[in-house]
Amino acid sequence: MTVPFVDLHAQYLTIKQEIDRAIAEVIAESAYIRGPHVDAFEEAWARALGVKRCVSCANGTDAIYIALRGLGLRPGDEVITSAHSWISTSETITQAGGRVLFCDTDEETFTIDPADIERKITSATVGIIPVHLYGQPADMGAIMAIANKHNLWVIEDCAQAHLAKYKGQVVGTFGNVATFSFYPGKNLGAYGDAGCAVTNDDRLADWMATFARHGGKGEHVMEGINSRMDGLQAAILNVKLPHLLAWTEARRRVAARYDELLSGVGDVITPKVAPDCDHVYHLYVIRTGKRDELWQHLTTAGIATVLNYPKALPFYPAYAYLGHGPTDFPVAFANQSRILSLPIYPEITDEMIGFVADQIRAFFGHRLSASSDDTFARRGGPLPSVLRRLSSAV
Ligand SMILES: Cc1ncc(COP(=O)(O)O)c(C=O)c1O
């Protein structure tokens, strides 16, 4: 058996008719750049989150850049962010003229450590970009308290956390602005690049929309950039959005099954969910001291795994100029050689999950998990059986 890391084609097959119809509509209408499908998605996504405004753009990286410019970042301003993220979170700070201040992460959750934020704040610090990494909300209660105390703005990087909740409140609604990626593999993914910034601040939303569209159509009130969501991506997202909750529930069932099968296996640490948080499992990341050997074992067995990410950001050549060493970010540094992301997506079958778990169990010398046991399948498996039947039928 081979197990891909994600299977976007399997998802497409479950919604093929709707997707094909939506794409044909965009082509029939020649609604390629912005247009009614984009307007509809902006409205629907804002409604799904309970925010006033959604400003769509070309991708999640642009969304952070646009938000930083919208908040008026000035040369020399310092912005605090997590040492453990995808580089979009930090590269955009530099591109917008700011200086990156990295913080270490929490031992259990991989998200930014609020105590380290307090330590890093200087008189030049203007804002914080927490990342809801892997689908787990950062500690927004502590982060907002720090931001309010020091008069800092907050941009939530929600690229991996569509509809995740912190204390019952959806992420993306805590800070001044939040950014999303709709990259194809994300929990809500387009069929190409797409992204957005959301906010309750009308003035900020207007500024970001103008900036992202060449500083205004017709009347250029400023120099902007060209960062637009295209109609095809919006039409696809409009089809997918109504399925997002069911897909998120399916991801949670997959994670719970991995938790169960990998409990007590070798030195494997399965993902911890912080109290009062609803994790959406964009990624299911285990930790082990035998990461490289396990990675090799799973690859040989036909199971695709990924390192998210091979290094913590401060240790890439791009940030050598900051002169950081391992002791500056001990948690993020230790995690970079221990983390391994296992396959997770709503359509993964219970047989595949059992196979992945059994390969890990075998690697650590445990007996197999009786993956032929159909208890999980009877409970509904990753996706409700009707969808599984549909996807295997097409
Ligand atoms: C945490 C994080 N921030 C930002 C981004 C940027 O999104 P995009 O790829 O749409 O530019 C990503 C995408 O992988 C991400 O994972």
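This is a predicted model: local features need pLDDT of at least 70, side-chain atom pairs count only at pLDDT 80 or more; totals for chains, interfaces and linings use all residues.
Figure 1. The shell around the ligand is made up of 14 residues, and the closest of them are Gly60, Thr61, Asp157, Ser181 and Lys186. By residue type, this shell divides into four nonpolar, eight polar and two charged residues. Two helices, α4 (residues 60-70) and α5 (residues 88-95), each supply at least two residues of the shell around the ligand.

Figure 2. Asp157 places a polar side-chain atom 2.7 Å from a nitrogen atom of the ligand. Ser181 has a polar side-chain atom 2.7 Å from an oxygen atom of the ligand, and an N or O atom in the side chain of Gln160 lies 2.9 Å from an oxygen atom of the ligand. On its own the ligand has 390 Å² of accessible area, of which the protein covers 91%. Asp157 and Ser181 also belong to the closest residues of the shell.

Figure 3. Ser85 is located in the loop between strand β2 (residues 78-82) and helix α5, the latter being one of the helices that supply at least two residues of the shell around the ligand. With a relative accessible area of 4%, Ser85 falls under the 20% limit and is therefore classed as buried. The side chain of Ser85 makes a polar contact, at 2.7 Å, with the side chain of Thr89.

Figure 4. Ala138 is found in the loop that runs between strand β4 (residues 125-129) and helix α7 (residues 140-150), and its relative accessibility of 0% makes Ala138 a buried residue. Along the chain, Ala138 and Val171 are 33 residues apart, while their C-alpha atoms are separated by 8.9 Å. The C-alpha atoms of Ile117 and Pro326, which are 209 residues apart along the chain, are separated by 18 Å.

Figure 5. The peptide bond leading from Asn308 to Tyr309 is cis, with an omega angle near 20°. Tyr309 is found in the loop between helix α11 (residues 291-300) and helix α12 (residues 330-335), and Pro310 lies in the loop between α11 and α12 as well. Pro310 has a relative accessible area of 45%, a value that puts this residue in the partly exposed class. From Pro310 to Asn148 the separation is 162 residues along the chain and 34 Å between C-alpha atoms.

Figure 6. Ser30 is a residue other than glycine with a positive phi, near 50°, and Ser30 is found in the loop between helix α2 (residues 16-29) and helix α3 (residues 36-49). The relative accessibility of Ser30 is 48%, so that Ser30 counts as partly exposed, the class that ends where values pass over 50%. Lys167, likewise a residue other than glycine, has a positive phi near 45°. The place of Lys167 is in the loop between strand β6 (residues 165-166) and strand β7 (residues 169-170). Because its relative accessible area of 54% is over 50%, Lys167 is classed as exposed.

**Figure 7. Phe363 in helix α13.** Phe363 lies in helix α13, which spans residues 350-363.

Definitions and conventions. Residues are numbered from 1 along each chain as its sequence is written. Side-chain values use heavy atoms; hydrogens and water are left out. A residue is near a molecule or strand if one of its heavy atoms lies within 4 Å of it. A polar contact is a pair of N or O atoms within 3.5 Å; within protein, one must be able to donate a hydrogen and the other to accept it, and residues adjacent in sequence count only if both atoms are side-chain atoms. Accessible areas come from the Shrake-Rupley method with a 1.4 Å probe; for residues, only the protein chains shown count as cover. Helices (H or I, at least four residues) and strands (E, at least two) are DSSP runs, numbered from the N terminus. Ala, Val, Leu, Ile, Met, Phe, Trp, Tyr, Cys and Pro count as nonpolar, Asp, Glu, Lys and Arg as charged, and the others, Gly among them, as polar. Buried means under 20% relative accessible area, exposed over 50%, partly exposed in between (1.4 Å probe, protein chains only).
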